[in-house]
Amino acid sequence: MKFKALKPRLYNVIFHTHTVAGIVISFALFICFYAGAYALFMEEMYRWENPMARFETVEDVDYDQILVAVEKAEPRFVPEEQFSLLPPEHTNPFVMFYGTLMTKDGKKERFSTYIHPETYEVTLSQEPKTHMARTIYELHFFHQIPIVGIYLAGLVAFFFLFAIISGILIHWKNIINKFYAFTVQGKWKQIWTNGHTVLGMITLPFQLIYAVTGALLGLSILLLAPSAFLLFNGDTTEIIKAVRPDLGLEYDEDAAALNDSYSFNAVYDYMRKNYPEHHVLNMFTTNYGKEDGTISVRIDDRAGIAGDGVFVFQSKDGAIVSQSIPNQKSYTEGAYNVLIKLHYATYGGIFLKIIYFVLAMMTCFIITSGVMIWSTARDKPKYTDKQRRFHHRVTKVYLALTLSLFPAVALIFLANNLVPMEWEARVLYVNGSFFLGWLGLAIIGLFWNNYRQLNRNYLLIGGTLGILIPIFNGMITGDWLWGTWMAKEFFVFAVDLSWLLTGVSALAIRQYLKPENPEEKVSQSSPHKTTTAPLEAVNLTAFKQRKTST
Amino acid sequence: MPLSGILLCSFLSLTKLNTEKEHDSSNIQKVLIHRLTHIVIMPANEKYLSSPGQRFLKITAGLLGGFVLTILFHNAIGSLLTEKGGLIITSAYSSFILWALCLVFAFMAKSGWKIWGIYLLLIFVFAGIIYVNQ
């Protein structure tokens, strides 16, 4: 089957727009995919991140007792405002509680706490104790940039979608005949191009999913606001109701008080009895203590693509007023959650998450290879010296900022162990180590003009730090690699083992990438070609000499 | 076209490829032509790219015009339906795909004015449908 290529004008126009879109979003998109890859395992990393969570998960919890314990520990708690209870899971054996309290000045504030499932000890604190995985997760959608961060992330995803469509159009003719065309020798530009296109085709479904769901999660306001205005006279609840019917129920603020609210334990037991394969994710209340109050439950089996459900129980008699049954949902009820699941990889189990992780890292390579194609394609005598220095600077800044993320993430894992648990502001120090460390590593990278050397250096730093992570975890928390396996702390073991393997692989790859000789030319042209003058390291000094001599 | 042909032939005679494993000379020629055409094509040939004014028109048509167009398109369908749930949830993903396609088409157009004209026309049509059915 022969695919026809685009006509020259269209080909060049789409090629140019693909290049521009790609280069503009390259840095931000790399961060999205790199941080996102780690964020996939956000929950699985909790036990590693918080050593106090390393105890056996308990099934049998008295949730009504939990509520009493919280009311006793936090007298400012306001039960009429929505509050939620999160049952213990294998990833987090604590019971989590989120609610509202009334401050001294009469202001309402959200607060969270965790409760030990056996001792019912309530731990109140203004700041969470650990924030490591959450920081990486927030970096994924640029939450650190105030207000506009998530919209920027959504826009990046949208332009990524454009880059994917234009990329397919450019590659159209060669999709079949170059499907396996992966070269590892010859001109660098060909190596980068083939890697970019071949891996791009293979990961295409994965990337399409993330481009669309990423744009949705970041820019949903762009859809919600106009549609509410045009179709529902500015009423956004109508739209939300279509997607989550349970959120469309109406409540009366001035409803009569209810003395005997339906028991949380009864709700929990009902769910476990009727849906034994499904985890209860959370139970949250609306208008608790009032006559029309409800307790809503969200369940998920984390296996099927439509395995999630929502049930709403009336507080006064326990009757179910709204339900969305797993695997029995209509298209309208289920489609939105399918999109969410596709993005968060909360289906298909841990092996699917691992596959997603590998694909995300492949996408990071695709982005980097795109920048390298741009760089090597412009390494030609037809450009002026000034232009070529610009190309080199852009490439170097990109590589320094992105490749330094690898040791920076290792740094936050280390900092999480090294900053003592007793410090109140420990989250500030852990986050600070990450961001300042990343900045510092990136700045050093700007002094390495030789790309291969830059790559090797980051592999060395990242690899060494990676190997140190399980060592420090053992030294500080006492949970060494062999100990966690024996104690069945599999999540902790997995984090430690992954970093050990990553660190060792990084150092091994670095050995394999030995520079050929100390004066290796790094303009990425083949050693046998002499048509283009190499630019980096050796010849930058030549440029400077030429400049000072004129 | 003839100029690039001459360039290709001169490259063929001047360069030697140590990395080629094939011994058949006609195969080497074919592969060379294929590889070098690829090299000559990137980066994009500047003669096909638009002036700054045209670029501004096409970018705004694709981003702004495309966004308004895809919102109005979906809401126009919504105004014709009584049960809007299916449309709302489909638009969660189809809006972005349609918007990206609008951006691609905007660049494929020969004139920025022409593509703005087409999008504006469609916008008025869909706005009309919404207005009539309110």
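On one side of helix α9(A), D269(A), K273(A) and N274(A) are exposed (exposed: 12 or fewer other C-beta atoms within 10 Å of a residue's own; buried: 20 or more; partly exposed: in between; C-beta atoms placed from the backbone). The model is predicted, so that local features need pLDDT of at least 70 and side-chain atom pairs count only at pLDDT 80 or more, whereas totals for chains, interfaces and linings use all residues. Residues are numbered from 1 along each chain as its sequence is written, and chains are lettered from A and ligands numbered from 1 in the order in which they are written.

Helix α9 of chain A spans residues 264-274, and F264(A), V267(A), Y268(A) and M271(A) are buried in it. These four lie on the same side of α9(A) because they cover an arc of only 95° around the axis, the arc being that of the directions from the helix axis to the C-beta atoms. The buried residues of α9(A) pack against α3 (63-73), β1 (84-86), β5 (279-286), β6 (294-300) and β7 (308-314) of chain A. Helices (H or I, at least four residues) and strands (E, at least two) are DSSP runs, numbered from the N terminus.

L405(A) belongs to helix α13 (residues 405-418) of chain A. It counts as buried because it has 22 C-beta neighbours inside 10 Å. Leaving out residues up to four places away in sequence, L405(A) touches Y34(A) and W438(A) (contact: C-beta atoms, placed from the backbone, within 7 Å).

The contact between the chains takes 37 residues from chain A and 31 residues from chain B. The largest share of the chain A side that touches chain B, 10 residues, comes from α1(A).

Conventions: Contact = placed C-beta atoms within 7 Å.
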